[in-house]
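Q: Please take a close look at one part of this structure. Then follow the links from there to its surroundings.

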Amino acid sequence: MNNLSAIYERILEVLQNISEQQLVVCQRRQPKMSDLELIGLSLTAEYLGIDSENHLLRKLPKALFSKIERSVYNRRRRRLACYIEDIRSKLASSFNEFEDIFIIDSMPLEVCKLSRSQRSTICKENHYSQPDKGYCAAQSSTYYGYKLHAVCSVRGIFHSIDLSPASVHDIHYLKDIREQLSDCTLIGDKGYLSAKVQLDLFESCSIKLSTPMRGNQYNYKRQPFVFRKSRKRIETLFSQLCDQFMIRRNYAKSFEGFRTRILSKITALTVVQYINKFIFGRNINNIKISII
């Protein structure tokens, strides 16, 4: 787990297998470390739980340390967020190509304590991306930050993800789902319960939305056991992101930095799942395991 060079080489090998180019953008001078190598280093840091760029560079071997400096690394990584998402999508497509059952859920991402929200400047550089207050029913608490919306397969591979301010209701994410999924079954919790939205999804893109009914609803029927059991998969994924990848620990000051950190952690999780299946042939959801 502590052999950074070997882990970096393993992750870079996976990235090179799925990417036809090194993703080097046009610039006056050719960088010593290509964009693909920088993404590989970022995913390695997330896998090892290294959140500090200074700490990461102190642990780098001399061959890698001479290629990059901290400020350049941080700036280039934020600029490569769209490429990281593209890599995550390619990795996920190798698992989800024939899937027709998906699970949808959301989790809170706090940027600072509620008492500091009025004077905090974190992620407030743009009006459209500012965090705000929201309520988490699972934890019965109010928090200040963002909400991570996610769709995963029943095997535990993230299909699509998105960030929204904490006050945005879960059901609004279903508007984006119509452009990403079709001809499938979507399992959600009571936060997605809406007969109007359910009918709209089915008529527009043949998505069957299955949610548990409230106990006082007319013609109450309990959600099938297989759906209730399958929905626990995405909750397990969220727990793994919180435990090993420390997704709720935030050191970013800008929204771009925050978004890149979240995306890198989820991509690192997907890379480990890819290595488990296609290199070692083991259970893809054994995340706390050596990949070298």
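A: D183 counts as exposed, because its relative accessibility is 58%. The classes are buried (under 20% relative accessible area), exposed (over 50%) and partly exposed in between, with a 1.4 Å probe and protein chains only. The model is predicted: local features need pLDDT of at least 70, side-chain atom pairs count only at pLDDT 80 or more, and totals for chains, interfaces and linings use all residues. Residues are numbered from 1 along each chain as its sequence is written, and side-chain values use heavy atoms, with hydrogens and water left out.

D183 sits in the loop between α7 and β5. Helices (H or I, at least four residues) and strands (E, at least two) are DSSP runs, numbered from the N terminus. The phi of D183 is positive, about 50°, although D183 is not a glycine. N219 also has a positive phi, about 55°, and is not a glycine. N219 lies in the loop between β6 (207–210) and α9 (225–230). It is exposed, at 52% relative accessible area.

S182 is in the loop between α7 (174–177) and β5 (184–187). With a relative accessible area of 43%, S182 is partly exposed. Beyond its neighbours within four places in sequence, S182 is in contact (heavy atoms within 4.5 Å) with C205 and I207. F95 is 87 residues from S182 in sequence. Their C-alpha atoms are 17 Å apart.

Two packed helices are described by the angle between their axes and the distance between the axes. Axes are lines fitted to C-alpha atoms, for helices over the stretch in contact, and angles run from 0 to 180 degrees between N-to-C directions. For α6 (residues 81–96) and α11 (residues 255–278), the angle is about 30° and the axes are 9 Å apart. The pair is therefore roughly parallel (under 35 degrees). The contact residues divide into 11 nonpolar, six polar and four charged.

Notes:
Angles under 35 degrees count as roughly parallel, over 145 as roughly antiparallel, 65 to 115 as roughly perpendicular and the rest as oblique. Ala, Val, Leu, Ile, Met, Phe, Trp, Tyr, Cys and Pro count as nonpolar, Asp, Glu, Lys and Arg as charged, and the others, Gly among them, as polar.
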